[in-house]
Amino acid sequence: MNRRCRSTMPEWLALRKHAVGMKKLHLRDLFAADPGRGRRYALQAEGIYLDFAKNPVNDETLDLLFALAAACGLEQEVRRLFAGEAVNETEGRPALHWALRDSSGRPQRVDGADVMPRIREVREQMAAAAGRIRSGNWIGHGGRPLRHVVHIGIGGSDLGPRMACAALRFYSQRDLQVHFVSNLDPSHLSETLRFLSPETTLFIIASKTFTTQETMANAGAARDWLLEHFQDRAALVRHVAAVTAHPQAALAWGVAAENVFEFWDWVGGRFSLSSAVGLPLMMAVGPERFIDMLSGCAAMDRHFRSAPPRENLPLLLALLGVWHADFMGAATHAVLPYSQYLRLFPAFLQQLEMESNGKGVDRGGREVDYATAPVLWGEPGTGGQHAFFQLLHQGTQAVPCDFIGYRRSLEPFRDHHEQLLANMFAQAQALAFGRTREELAREKVPAALQPFREFAGNRPSNTILAEELTPATLGKLIALYEHKVFAQGVLWNVFSFDQWGVELGKKIAGRLLPKIKGELPADDEDGSTRALIEYCRDKNPSEK
Ligand code: F6P
């Protein structure tokens, strides 16, 4: 494994030098010099088409980027990931999300034991539960079939299934409603339960640790809601399921053994959609479609593992991201799905990328002197065009964008889909090429207005297209970004599978709680926090 400080590697320094020249070029120049660029700088694999021609790169940039990947030991790291080595080093475990969708029949050992049979067993348990609720055969304590599933979880135990349920809604069983509650803000749970009946509601408590404050608070409130109605603890058996890596904790909480769905420490939270965390999705779309999604993930796993670097989609996306963040100075990255079904994809990717690679210390424990994960954000098109695209086109910072779309719509409706594609391609083109003063003059735009109507262009983007939004293409997209994140972790030399940065806030919240409740004085807190606590305890600081 190559743990050399990245910014002193010759390959890194060569990219830095090369970037000086590339910054002077405009995308207009690159396209003028190479009319075939649109086809040459495109990659197609596993039914995904990636156009990366609208990035400030040329053949030399790509040579240097692939040389960096080789020097960082990318291939060896990919082998370690798929060999089940402990790539999550600070927590001392492998990252086996890919094994959850591996249908090769090969054993995968953790501490000497093959984990594949147990993976299949839990998937069968999920399929049985999904079949039971979809068919109306999951009968509640009051004798009525359950028709609402309320999934309680947060972070990786929420964002994946929430995103995927929205993405695959077209395929969902419409008389079964799936809801998600994650926020500690009580309004999230109460607004969700407002029109539900305990008689027809199943709660899924999803928490890898089964200790997360938000999830346990919401689960407790859900249990109260059930017990207040049924006045009988036995009701929990039919109305609560749990998804966790700590089954004993779920049993102790009151979940019946047959409703506990296990996943494992070697599945990272943000990589857990392929595990039992996907249970609400399987309930919504059915086991077959869930397995189709897993097959899509597996196809991208195989591609990442075996495609040569220059034909490797996740690696290419990773390298382009590093090029923008570290050599071209981009601080943020926008993901813009031109699909209403994919509206939650940016939020899902936010955790995937920022919790994985938002790190300031490299694998050797040294503070890094280069940028790691950019701030990822985004909204679906075309709504964003009428909101923040102004900044993308004419603001003071260049924001690399990923446009994501489909050739065909699931809902053919007049020519909406063609209009949608026209907008997506138009935005990428406008960002790249802009509009010059000369063009404005030719269009007879008054000189005084020209500075305001000029578009500098030279704003980079990728366009990612697939045939149609199916469970399998969703799986491919998910795994595409999962492996991009892994590759970037190698390139930045950071550990992608831990998240120590979330610990401190949790610890402080625990200490502040009794002070906010007035059970302890807040005198030992900093002046600002003390004033805030006093304000909430009705002692307005300005009135003291
Ligand atoms: O706080 C961050 C985090 O640990 C995430 O990594 C994780 O996905 C989320 O909390 C939820 O954790 P759990 O599944 O243990 O409730």
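A crossover is called right-handed if, with the strands pointing away from the viewer, the path from the first strand over the helix to the second runs clockwise.

**View 1. The β-α-β unit of E8, H11 and E9 in the predicted model.** Strand E8, helix H11 (residues 247-253) and strand E9 make a right-handed β-α-β unit, where helices (H or I, at least four residues) and strands (E, at least two) are DSSP runs numbered from the N terminus. This is a predicted model, in which local features need pLDDT of at least 70 and side-chain atom pairs count only at pLDDT 80 or more, whereas totals for chains, interfaces and linings use all residues. Residues are numbered from 1 along each chain as its sequence is written, and side-chain values use heavy atoms, with hydrogens and water left out.

**View 2. Strand E8 and its partners.** Strands count as paired if DSSP finds at least two bridges between them; E8 is joined in parallel to E7 (residues 201-206) by four bridges and to E9 (residues 260-262) by three. Isoleucine 204 stands opposite alanine 241 in E8, while threonine 244 stands opposite glutamate 262 in E9. Five of the five residues of E8 (residues 240-244) are buried, so the strand is largely enclosed by the rest of the structure; buried means under 20% relative accessible area, with a 1.4 Å probe and protein chains only.

**View 3. Surroundings of methionine 283.** Leaving aside neighbours within four places in sequence, methionine 283 is in contact (heavy atoms within 4.5 Å) with residues including Ala129, Trp138, Leu176 and Ile204.

Definitions and conventions:
Buried < 20%, exposed > 50% of the residue type's maximum accessible area, 1.4 Å probe, protein only.
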